[in-house]
Amino acid sequence: MFSSGRSCGATVACVLGCAVLVASQQGCATRVRSSDFHTHVEVLASDALEGRGVGTPGIDLAAGYIAGQFASVGIEPGGVDGTYFQPFEMGTGSELSDDYEFDFAGVDLTPERGEDYTPFGFSSNDEFDGEVVFVGYGITNEDKEYDDYRDFDVEGKVVLMLRREPASWGDGRTSPHAMFRNKIYTAKEAGASAVLIVNRVTDREDRLMRFGRGGSGAFGMPAFHVKHEVAEKLLAAGGLASLEEVQGKLDDGEYMSAPLGDVRLHGHAGIDQTTAVVRNVIGLIRGSGPLADEYVVIGAHYDHLGNSVPMMRRFRRGDSPGEPQIHNGADDNASGTAGVIESGRILTASKPLKRSVLLMAFTGEESGLVGSKHYAENPTVPVENIVAMLNLDMIGRLDEESTIQVFGTAAADEFDEMMTRLCRKA
């Protein structure tokens, strides 16, 4: 959604239908019918769709349902070749192969895969070769004025970092900065060639995470989980203190990022990936007047975790993997997808619109924002003409006062005023 939070007692119709920037020239023509919204969620989250996992018959059924709802109210196809779909190929799973390398130079260290390190399921299989450097927790957090990468060039280098985040930051809960995904993206943006992550010394056990077969290289770079012993030798090679001492200094707010002597690492993860053709679903409502060539996107991801082993069991070494189960994803994100469908119905009934509206149901979000990234790189309209986006994610659980949170109102000067005005009308 947007980034600085606003709470509003507005109806769902006001926020989704009137759509802040795309208010029709005659105002809202209708409101969300709760029964329709509930029906969309029931269909998308039903056992018959088996959790809408990418590359499965269930998600294909979901895509067909969304397209059918667009067509039923006269929304034009906005995909490719006159269809509602934007198909593309993405990785859907991964398995470890015997073709792998993980060779250090400049340190007496020959780790064994599965015992001393393991690739994450979301690792890519790209070959890499680079100097190894330590980057603390591997976090850039402007709110805390904290940056493990400040004044430190990691272009082409292999970055070693601690798992989680400084203990002094929270009340027992972790922030999004502690997530693997965000650490990987931050390292990638800084130009690193690969990532090594080590457990904190205060974590309960120094266990490697179980390799996740469903990762499919979604984060786009090689990433490995390494044990304390590996990290200790790397830190020692760089003349740094022990892992425990380094962690203590980081938790106290000290800056500890540093090169690790002449240590280099060359390798590739050894992962075979499977692929499938997947589809974003896109509808178009054309505006009229001088702003008709501008577009507002109302979007949501419609994929979920599918029929799989629960995530917390999937990665734990030594645990029985357990039986797959359907993750229905009613809130995440059948609710947001239902919001997109209902937005389309409301806006179609509210024509003429000042701007054109693209209704997008993205695939592959749970695999690393794959569908939205594909659209950004392969837009179906001139990307410079897209003026704003409303992203609907997990809107199925309102609080007792039925308020809606809208994040990111600081993304444009106009948003705060518009939200205030819309809330007054609700």
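Author: Helices (H or I, at least four residues) and strands (E, at least two) are DSSP runs, numbered from the N terminus. This is a predicted model, where local features need pLDDT of at least 70, side-chain atom pairs count only at pLDDT 80 or more, and totals for chains, interfaces and linings use all residues. Residues are numbered from 1 along each chain as its sequence is written, and side-chain values use heavy atoms, with hydrogens and water left out.

Reader: How many helices and strands does the chain come to?
Author: The count covers the secondary structure of the chain. It comes to 10 helices and 19 strands.

Reader: What percentage of the residues in the chain is buried?
Author: Buried means under 20% relative accessible area, exposed over 50%, partly exposed in between (1.4 Å probe, protein chains only). The chain has 426 residues. The buried share is 51%.

Reader: Which strands stand at the edges of the open sheet of seven strands?
Author: Two strands pair if DSSP finds at least two bridges between them. The order is β4-β12-β6-β9-β10-β11-β5, with mixed pairing. Two strands each have a single partner strand, so one side of each is left without a neighbour in the sheet. They are β4 (101-105) and β5 (117-119).

Reader: Which residue in β10 is the bridge partner of Val-159?
Author: Strand β9 (residues 158-162) and strand β10 (residues 194-198) pair in the parallel sense. The partner of Val-159 is Val-195.

Reader: Why are the buried residues of helix α9 on the same side?
Author: The buried residues of α9 (residues 370-377) are Val-370, Gly-371, His-374 and Tyr-375.

Reader: Is His-301 buried or exposed?
Author: His-301 sits in strand β14 (residues 295-301). Its relative accessible area is 5%. That is under 20%, so His-301 is buried.

Reader: Which side chain makes a polar contact with the side chain of His-301?
Author: Contact means heavy atoms within 4.5 Å. Leaving aside neighbours within four places in sequence, His-301 has contacts including Asp-332, Phe-362 and Asp-393. A polar contact is a pair of N or O atoms within 3.5 Å; within protein, one must be able to donate a hydrogen and the other to accept it, and residues adjacent in sequence count only if both atoms are side-chain atoms. At 3.4 Å, the partner is Glu-365.
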